[in-house]
Amino acid sequence: MGRPTTAARLRVGVARFTSCGGCQLTLAGLHEALLAVADRVDIVEFAEVLSPRSSGPYDLLLVEGSVSTPDQARRISELRRQARLLVTIGACATTGGIQALRNWSDGDAWRAAVYPQPQFIHALRTSTPISEHVTVDALLRGCPIDPGQLAELVTALLVGRRAQLLDATVCMECKARGTVCLISSQGAPCLGPVTKSGCGAICPAFGRACYGCFGPAHPANVEALKAQFADQGRSDEEIGRLFAGFTANAPAFRANARPPLAVLDQPPVGPEPAARISHGFPGVPPLTASGDDDARQ
Amino acid sequence: MSEGPRKPAAADVSWFGADLPSAQRERLAALAREVEFPAGTVISNEGDAVAELGVVRHGRVALRLHVPGKGMLTVLTVEPGDIFNWSGMVAPYRSTSTLVTVEPVTAVLFDAMALREAVAEDAVLGSFVYPRLLRAVARRLGATRLQLLDVFASQAGEPW
Amino acid sequence: MHGSDLPGGGAAGPGSGDGRSGSAAPELRFEVEELTRVEGEGSLRLRMRGDEVVEARLNIFEAPRYFEQLVRGRTPDEVIDIVARICGICPVAYQMSAVHAFEDLFGVQVDPEVRRLRRLFYCGEWLESHALHVYLLHAPDFLGYDSAVAMARDLRPLVERGLRLRRAGDAIIAAIGGRPIHPVSVRVGGFSRAPRRTELAALRPLLEQALDDAVATVRLAATFETPAMERVARLVSMRHPDEYPYNEGHIVSSDGLDIELPAWRDAFSEYQVEGSNALYARASDGSAYLLGPSARIALAATQLHPLARRELEATGLADEIAANIFRSVVARGVELVHAAAEALELVEAYRPPDAALVPWTARPGTAAWATEAPRGLLFHRYELDERGRIAEAQIVPPTSQNQAAIEADLRVFAPSVLRLSHVEAQRRLEQLVRSYDPCISCATHFLDLTVEEA
Amino acid sequence: MPGTAEATVSFLARADLDELIQALRAGGRRLIGPTVSDGAIVYDEIQQAAELPHGWGDEQGPGHYRLTRRDDERTFGFVVGPTSWKRFTFPPTVPLWRARRDGTEVSFESAEPEPAPLAFLGVRGCELAALGVQDRVLRDGPFADADFRARRANALIVAVECTTSASTCFCTSMGTGPEVRAGYDLRLTELDEGFLLDAASDAGTAILQRLPVRAATDAEQARASTAVAAVREELGDPVMTDGLRDRLLANLDSPGWASVAERCLTCANCTLVCPTCFCTSVGQASDLDGLDSTAERHWDSCFTPGFARVAGGGDFRARPQDRYRQWLTHKFATWVDQFGTFGCVGCGRCIAWCPVGIDVRQELAAIAPPPESAARSTGVREARFVVRATAPAREPLVQAQASPAPAPVAPAGTGLDFLPAVVRSCFPETADTLTLVLGDVDPVILAARPGQFVMVERPAFPAVPISISRLSEVHLDLTIRAAGFATAELTGLGPGEGVGLRGPLGRGWPIEAAVGRDVVIVAGGIGLAPLRPLVDRVLSERERFGAVRLYVGARTPRDRLFGLDISEWGTRDDVEFAETVDRAGAEWLGRVGVVTHLFDTAEWDGSQAVAFVCGPERMMQAAAATLLARGLAPERVYVTMERHMECGVGLCGHCQLGGFFVCKDGPVFSLAELGDAFGREGL
C-alpha cells in the first residue's frame with residue numbers, strides 16, 4: 001500500500017470555501033515548481049485558475065476555507081465522497097478562520113448589523129472547520145499556509161512517503177533562526193510557545209509577537225502561558241483578545257479566546273474532531289505526523 | 001472414552017496431588033479415575049453441568065468458544081499437568097467453554113460433587129485442594145490479561 | 001445610458017423588469033453559474049431580447065465574513081492584521097489603507113525611509129497581483145487557451161515569465177513583511193522591523209530580470225487582439241503631483257473631480273442589491289465609475305516611471321486603454337514596468353530608517369484614507385472610541401466600486417456578441433468581466449454603517 | 001589570574017583592542033563575538049572592536065532578560081546571552097548525505113564538512129565547559145560527528161573570565177567558572193584600563209606576539225584575580241551537586257514532576273538555548289520523483305511531541321512531565337553515567353529564556369532536596385566538568401566476547417555512511433511481513449553479529465532501523481513489516497533493486513556469555529527476527545552450549561514467521577522447541593496461550609541458564625518475570641529494547657533510556673543493566 005499513486009496521473013482538485021483565497025494562491029506561490037507539479041498531475045479543478053471544471057473524482061483534493069453557509073455544508077459532503085484524499089489547507093479550513101469569531105456571538109445579530117437587508121444573506125450562524133463536517137486526511141496549518149509545507153506535502157504524495165512537517169512549537173524555529181526571544185527580552189505577549197511550528201517563526205524574526213496563525217501546538221499549555229502574561233500585568237480582556245485571532249476556534253484556544261463583541265463564553269462545539277482527522281488514506285499510515293491531530297489537544 | 005481401572009496412584013500424577021499427607025492422598029485417590037480420550041473427543045460443551053474436574057497427564061485439550069459467524073475459536077489449550085473443568089468446583093458448576101481433545105489425551109478425572117463434599121468435610125484436604133485450584137485459575141487469568149493486550153498486534157510499525 | 005440606469009439594477013432598468021413586458025422577440029440567456037479565473041465566487045447573468053439587454057447582472061455569492069464586525073473593539077494594530085485577510089491577492093493594499101488612515105488621525109509622521117519602504121512594498125504587490133492576472137488568468141483569453149496550465153504546454157516560456165514576475169513581487173513583500181501573503185511587519189508608525197540593506201540588495205537580480213520581463217509583457221499585451229468597446233463609465237483614481245499613486249494624493253476623475261482622500265464619502269456611496277453578498281458603490285449622482293490600471297494610466301500617466309511611459313507610448317494605445325476595458329491587460333503591463341523600475345531604484349537607494357517604528361498615541365475620531373490597490377482605489381473609514389478602539393468601520397474595495405461599471409459595460413458589449421455562437425459569446429462575456437480583474441473576495445461581505453442614515 | 005602563575009601574563013591597553021580583533025581575523029579567519037542586536041547580546045560576525053558591546057550590561061532572572069547601560073565602558077561587562085557557541089560548532093542545520101536512484105541503482109554520497117576557520121571571542125568559563133561537554137558527546141565517543149569535529153578543530157578560542165554575574169548564573173556549583181582554566185587559545189581578563197592576556201596554545205601565542213602588549217604587573221594580576229574571586233563569592237554555591245545524580249534518580253516518582261509540568265510549556269526553549277543539548281532529527285528533502293534526495297540534520301528537542309514516538313505512534317514519553325523529567329535527569333544524572341560529566345554547566349540560559357521562568361535550581365531543590373545534614377561547602381572548588389564521575393560498572397558485554405571485534409568499536413566510518421546493497425530475493429512471511437535477502441553487501445556489514453541492526457534507506461525515504469534476521473557469507477536477510485510508508489517502500493522492492501545500508505549497529509547478543517551454559521530463547525511476534533541469527537549461531541556451534549530451549553509465540557497461526565526454520569527446529573532432538581499462538585481457529589491443533597506458559601511450569605532449573613528475549617516490551621516483562629522466577633539471574637537475562645532511532649550511533653538522542661542510548665548501548669540489555677528502567681512509564 002505504500003505508494004498511494006496509481007499508474008494513472010493523479011487527479012488533483014482545489015476547492016474553495018469561505019476564505020480570502022490566499023492559501024490556494026500559495027500554489028501560485030510555488031512559482032516555477034507549480035509547472036513541475038502540473039507536469040506530473042492533472043489539475044482538474046481549480047476554479048480561480050482554470051476554466052475547465054470537474055466535479056471529481058479526485059485523488060487529492062485541497063480544500064481551502066471554512067464552512068459558513070448551508071450550501072457549503074452540503075457541498076463539502078459531496079466533495080468528500082469524490083475525494084480519495086482530502087487535505088484542508090489554512091486556518092479557515094482547519095479551525096474556522098478569523099470569521100469564526102462570529103461563533104462567539106449571535107450570528108443573526110451580526111448579519112443584521114452588517115447588511116442593511118439581511119434577508120438577502122444566506123449564512124450559517126457559525127463558521128466551522130472542514131473537519132467538523134467530514135473526515136479530513138491531512139491538514140496544513142497557517143494563515144496563510146507555508147509554501148514549503150505545501151511543496152513538501154505534494155512531493156510526499158507523489159513520492160509515496162510521509163510528509164515531513166515539523167511538529168513542534170514556533171519557539172523551535174525561532175531558536176534555529178537565532179531570533180532573540182521576545183517574551184524574555186521584552187515581555188511581549190508572544191503566542192509562540194503554544195503555537196504550532198511551520199511558519200518559520202516569521203513574526204518574532206520581524207520584531208513582533210507571534211499571533212498564533214498556525215494554531216495550537218500539541219500539547220499547548222495555554223493556562224501556563226496565560227498565567228505568565230497575567231504576571232506581566234496584562235488584563236484578562238487583553239489576554240482573551242490575544243487568543244481571539246485567526247485560529248481562535250481551534251480546540252486548545254477556543255476556551256481562552258474572548259473576542260471584543262463576544263456574547264458567549266465559548267462557541268457551540270461541533271462534532272468531536274477526534275474521529276475526524278485520519279492523517280492518511282484508509283488503511284494507510286498518516287500522511288502527516290500524528291502530532292498534527294488537533295483532537296489530541 | 002475408554003475407562004481405565006481406578007488407580008490410587010492416579011492422584012500423584014501432577015502438582016495437583018503432589019505432597020499431600022497420606023490420608024488426604026488416599027481420600028483424593030479414591031475420587032480419581034484415569035481416562036483416555038481419543039483425539040477429537042468433546043469432553044464437555046460450554047454451559048454443560050460439569051460432573052468431573054480433570055488433570056491432563058498426556059496430550060492437549062483445547063478450550064473453545066463459539067463466536068457466531070466465526071465458528072469455534074480456541075482461546076487456550078490445557079497442557080499436561082494443568083487442570084480443566086475447574087468450574088466443577090465453583091457454583092453454578094457449569095462449563096465456561098467447550099473442551100475438545102486435539103490429540104489423544106490421558107487425564108485423571110475427579111468426581112466434582114464428591115470432591116466438593118470431601119473438601120467440605122475434610123478441612124485439611126480443602127486447605128490443599130483450593131489453593132491449588134486458585135493457583136491454576138490465577139495463572140489462566142494472568143495469561144488472559146496478556147492476551148487481552150494483543151501485544152503483537154501493534155508491533156513493529158514505524159513512526160517514519 | 002449611464003446616469004439614468006441604476007448600475008447592477010438591470011432588473012430595475014426602465015421597462016425591463018423581469019422581461020415579461022411586451023415584445024415577442026425570443027429571449028436570449030447567457031448564464032455563467034460560477035465565473036472562473038477570477039478571485040472569488042461570482043456568477044454572470046445576461047438576458048436579452050433582440051438587441052435589448054433586459055438584464056445584466058454580476059452576482060457575488062461569496063460567503064459573507066462580516067469584517068466590519070470583526071474589527072469592532074479592536075486596536076488599530078489588530079485591525080491591520082485582520083483586514084489583510086480580506087484578500088489573499090492584495091493584503092498589502094488593505095494594510096496600507098488602514099495604516100495611513102490611523103496615522104492620519106493620530107498625526108503620526110513616519111520616517112521618510114519608511115515612506116519609501118511602503119512604496120517598495122506596494123511595488124511588490126502590484127508585481128505579484130498584475131503578474132498573476134496577466135499571465136495566469138487573462139492571457140489565455142487572448143491566446144486561445146482555457147487556462148495557463150494548458151497554455152504552458154505550448155508556451156511554457158511565457159508562463160514561466162509570468163511566474164518569475166510574481167516571484168519578484170513575492171520576494172519584495174517577503175523581504176519587508178516576512179511573507180508574501182499576509183505580511184506581518186506593518187504597524188501604525190512604520191514597520192515592526194526594517195530590512196537590512198543587504199536583504200534588499202539581494203533582490204536586485206530578481207528585479208532586473210523582472211524589469212525585462214515586464215517590458216516584454218507590455219509588448220506582448222499590445223499585440224493582443226481585442227474587441228472594440230466604448231467606455232460608458234467615468235474613470236476614477238488617485239493622483240499625486242510627484243509620484244505615481246500608491247499611498248498618497250487626491251481622488252480625481254475623468255470629469256474633473258478632485259477631492260482629498262478622506263473625503264471619498266462626499267462623492268461616492270454604497271448600497272446593497274438582492275442576490276449579491278457585496279455592496280455596490282456609485283457616485284453621488286448615481287453614475288457608475290471605473291477604477292484600476294486603465295483609470296490610473298488615463299489620469300496619472302504623467303507620473304509613470306520614464307521607462308513605463310516610454311513603453312506606454314511605444315504601444316500607441318494610451319487612448320484605447322482609457323476607452324476599451326479589454327486593453328486593461330496593456331495597462332497592467334505598463335504598471336508592471338513601473339513597479340519593477342521604481343522598485344529597483346528604491347532598493348538601490350535604500351538605507352535603513354533611523355526609526356523603523358515611531359511612537360504614537362491613539363485618539364478618538366474618524367480615520368479615513370484610500371490607497372491604490374492593484375485593482376484600484378481602496379477606501380477605509382474607521383470611527384475610534386475614546387479608548388482608541390474601533391467603534392465602526394467601512395471598507396470599500398475596488399471591485400464593489402467597479403461592479404456597476406462592469407454591468408454597464410456588459411450592457412454595451414452584449415449586442416456585439418449576439419452573432420457569435422452561444423459558447424463563443426459566453427466566453428467573450430466572461431473575458432469582459434475578467435478584464436476588470438474582479439476580486440470577489442474583496443467585494444463581498446462589506447457593510448456600510450451609513451446606510452441607515454442615507 | 002588564578003592557577004596560572006607560571007604562564008606569562010601580558011597587558012593589552014583598551015585602546016589597542018582592535019589590534020587583537022584584526023590579529024584574530026588575519027588570514028581570512030571569521031571572527032565571531034558579542035554584538036548588541038534586538039535587545040540582547042548576540043554572537044555574530046565582527047569586523048572591528050567598535051562593534052563590541054562596550055558599556056553594555058545585562059539584567060537576568062527567571063524568564064527575564066534586559067540589556068542595561070553600564071556606568072563604565074567595559075567591553076565584557078555582561079554575562080551570557082541567548083546565543084551559545086554551539087550555533088557555530090553544531091549549527092541548527094547540517095547536510096548529511098545525498099541519495100540518488102537511477103533505475104534499480106541507488107547511490108549515496110556523504111556530505112564533506114569544510115568549515116571556514118573561525119575565532120570565538122569572549123567565551124566564558126561555563127561556555128568553554130559546554131564546548132568540552134559536547135566534545136565528549138559528539139567527538140570523543142566511539143562514533144564521532146564529522147561535522148562537529150571539523151568545526152571544533154577550526155575554531156580558535158579567546159576566553160574571557162567573568163568579572164560580573166547574573167542572578168541566573170550557577171557556574172560555581174557546576175565547577176565551570178567564573179575562572180577560565182583550560183581549553184582556550186587566548187584568555188582575557190578585563191580591567192578598567194585594558195585586558196590581561198595570556199596564551200595556552202601555539203596559535204594563541206602566535207597571535208599574542210603580534211600584539212602591542214607589555215608584561216602585566218603583579219598589581220594588575222592581583223586586581224584581576226580579586227575581581228573574579230568577587231564574582232565567585234557573590235554566586236556562592238546555589239546547587240548542591242554532591243550526590244545530586246543519586247538523589248535525582250531516587251526521585252523518579254516524585255510528585256514534583258507533575259507540578260512542574262503544570263507550568264512547563266514543553267516549548268523546548270530550555271533545550272535550544274542550552275549550550276550542551278545535542279538532540280537532532282534527520283529531515284529528507286527530495287525532488288518530485290523521489291530520484292534525488294538530501295538528508296539534513298536539524299536541532300530537535302526531547303520536548304517535541306514526536307521525539308520518543310515509535311511503532312505505530314506509540315510514545316514512550318507522552319506526558320509533559322515525562323519530557324521534563326527526561327531533560328532534567330539527563331542534565332544532572334544520566335549524563336554523568338553516559339559521559340562522566342554533568343550535562344549542565346550552570347550558564348543559566350534555560351532559566352532566563354524559559355518563557356514562564358522555570359528555574360532548574362528550584363526544581364532540583366524541590367525534587368531532589370539535599371539531605372538536611374549536608375554541609376554546604378563554599379569557596380573555590382575544583383573545576384568539575386573534567387572527568388569526575390564515571391559510568392556505573394556494568395558487564396562489558398562486547399569485551400566478554402572472544403570474537404569478532406566488539407562493537408561499537410568498528411572500522412572507521414562504519415555505521416556512518418550508507419553503502420549500497422541489492423535485493424536478491426523476497427520471501428513473504430505473513431500478509432504484511434516479508435524477508436528481503438540482500439546481496440552485494442559490504443563485508444563490514446556482513447561481519448555483523450547476531451542481534452545487530454542496520455539503518456536501511458531508499459532515496460527520498462527516511463532511513464529505518466531494521467534488525468538483521470539472518471547472516472551468511474554472502475547474504476544478509478532483513479525481515480520487514482509494512483507498517484508505514486518507508487517500510488512499505490522496502491517491502492515493495494523486487495529482486496535487483498538497490499537499498500542503502502548503514503551499520504552494523506548496536507551491541508548484539510552476548511553469545512559468549514552463554515558458552516557452557518543452558519540457553520533459553522524466548523521470541524514474540526516479529527521479535528523472532530533478530531533472534532534467528534542467534535539461533536543459527538548457537539545451533540551451528542551446538543557443542544559449546546548446554547541445553548538449548550527455544551520458545552516462540554505469535555499472534556495467530558497466520559502470523560508465524562520462518563515456517564521452514566520452525567519445522568526444522570521442531571524436529572531437532574538437541575533443541576527443546578515449543579511454540580504457541582494467542583488465538584486460533586479450530587483447525588489449529590498446536591498450543592494456544594501466552595508464550596510464558598511454554599515454560600512457566602516446566603521442570604528445568606534456570607539457575608545456570610542464560611536467556612535471550614525479544615518481543616514487545618510488555619511481553620518481555622512477562623517473560624522476564626517468569627524467567628527470574630525460574631531462577632535465572634538478572635545479569636543473564638537479556639532483552640532487546642525498542643526506542644525511536646534516527647542516527648543509530650548514539651548522536652541524535654532520540655533513543656535514550658535512562659543512562660543508555662538504546663541504539664549504541666543496546667538494543668540488547670541485561671535486566672541487571674536496565675534495573676527499574678525496564679517497563680517504567682515515561683522513560
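Trainee: How many salt bridges does the structure hold over all chains?
Mentor: A salt bridge here is a side-chain nitrogen of Lys or Arg within 4 Å of a carboxyl oxygen of Asp or Glu. This is a predicted model, where local features need pLDDT of at least 70, side-chain atom pairs count only at pLDDT 80 or more, and totals for chains, interfaces and linings use all residues. Residues are numbered from 1 along each chain as its sequence is written, chains are lettered from A in written order, and side-chain values use heavy atoms, with hydrogens and water left out. Over all chains, the number of salt bridges is 108.

Trainee: Which residue of chain A does D:Asp289 meet in a salt bridge?
Mentor: The N to O distance is 2.8 Å. This pair crosses between chains, from the loop between strands E13 (280-286) and E14 (292-299) of chain D to helix H2 (residues 32-40) of chain A; helices (H or I, at least four residues) and strands (E, at least two) are DSSP runs, numbered from the N terminus. The partner is A:Arg40.

Trainee: Are B:Asp82 and B:Arg140 buried or exposed?
Mentor: Their side chains meet in a salt bridge at 3.3 Å, N to O. By relative accessible area, buried means under 20%, exposed over 50%, and partly exposed in between (1.4 Å probe, protein chains only). Both B:Asp82 and B:Arg140 are buried.

Trainee: What is the relative accessibility of C:Glu113?
Mentor: C:Glu113 bridges to C:Arg116 at 3.7 Å, N to O. They sit three residues apart in helix H4 (residues 112-143) of chain C, so about one helical turn separates them. C:Arg116 is partly exposed at 33%, whereas C:Glu113 counts as buried, at 7%.
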